[in-house]
Amino acid sequence: MDPTDRALIDGTLAGDLASFDALMRRHEGPVYRVCLLFGRSKENALDLSQEVFIKAYRHLGAFRGGSAFRTWILRIAYNEGLSWFRGANIRPNAAHEALARLEWQWRGEVLVVTQNVDLLHEGA
């Protein structure tokens, strides 16, 4: 049986980098999809994803477990995407359109985001 996210988090906080690697592999797909919506290219999405996992690693001790780890890390991805939009030279209409679609998706289950981001990106 695979270890839970909580067990992997505890292992990472105890210094086991293999635990963070397993946690990252478990959530890299959903994180990448959110980053792809913001970054609009594979290269940008990979860069954003890397930033998300760096930030998650640095702040893992702050994860309280009040929500699922996936919700927490996807919120980091969302915030990194917002920061990228602010820092990139994106037309306001394109940025607003993508953010509006992602906001709508965040109102539902997190799994809706992970399953529909590719479809949303194709329409952008």
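This is a predicted model: local features need pLDDT of at least 70, side-chain atom pairs count only at pLDDT 80 or more; totals for chains, interfaces and linings use all residues.
Biologist: What are the ground rules of the model?
Modeller: Local features need pLDDT of at least 70, side-chain atom pairs count only at pLDDT 80 or more, and totals for chains, interfaces and linings use all residues. Residues are numbered from 1 along each chain as its sequence is written, and side-chain values use heavy atoms, with hydrogens and water left out.

Biologist: Why are H3 and H4 called oblique to each other?
Modeller: The axes of H3 (residues 42-58) and H4 (residues 69-87) cross at roughly 125 degrees. Under 35 degrees counts as roughly parallel, over 145 as roughly antiparallel, 65 to 115 as roughly perpendicular, and the rest as oblique. H3 and H4 are therefore oblique.

Biologist: Which residues of H3 and H4 make the contact?
Modeller: Contact means heavy atoms within 4.5 Å. Among the residues that qualify are Leu48, Val52 and Phe53 of H3, and Trp72, Ile76 and Trp84 of H4. The contact divides into 9 nonpolar, 2 polar and 3 charged residues. Nonpolar covers Ala, Val, Leu, Ile, Met, Phe, Trp, Tyr, Cys and Pro; charged covers Asp, Glu, Lys and Arg; the others, Gly among them, are polar.

Biologist: What makes H1 oblique to H2?
Modeller: H1 (residues 5-13) and H2 (residues 17-39) pack at about 140 degrees, with axes 7 Å apart. That angle makes H1 oblique to H2.

Biologist: Which residues of H1 and H2 meet?
Modeller: Asp5, Leu8, Ile9, Gly11 and Thr12 in H1 meet H2 residues including Phe20, Leu23 and Arg26.

Terms used:
Axes are lines fitted to C-alpha atoms, for helices over the stretch in contact, and angles run from 0 to 180 degrees between N-to-C directions. Helices (H or I, at least four residues) and strands (E, at least two) are DSSP runs, numbered from the N terminus.
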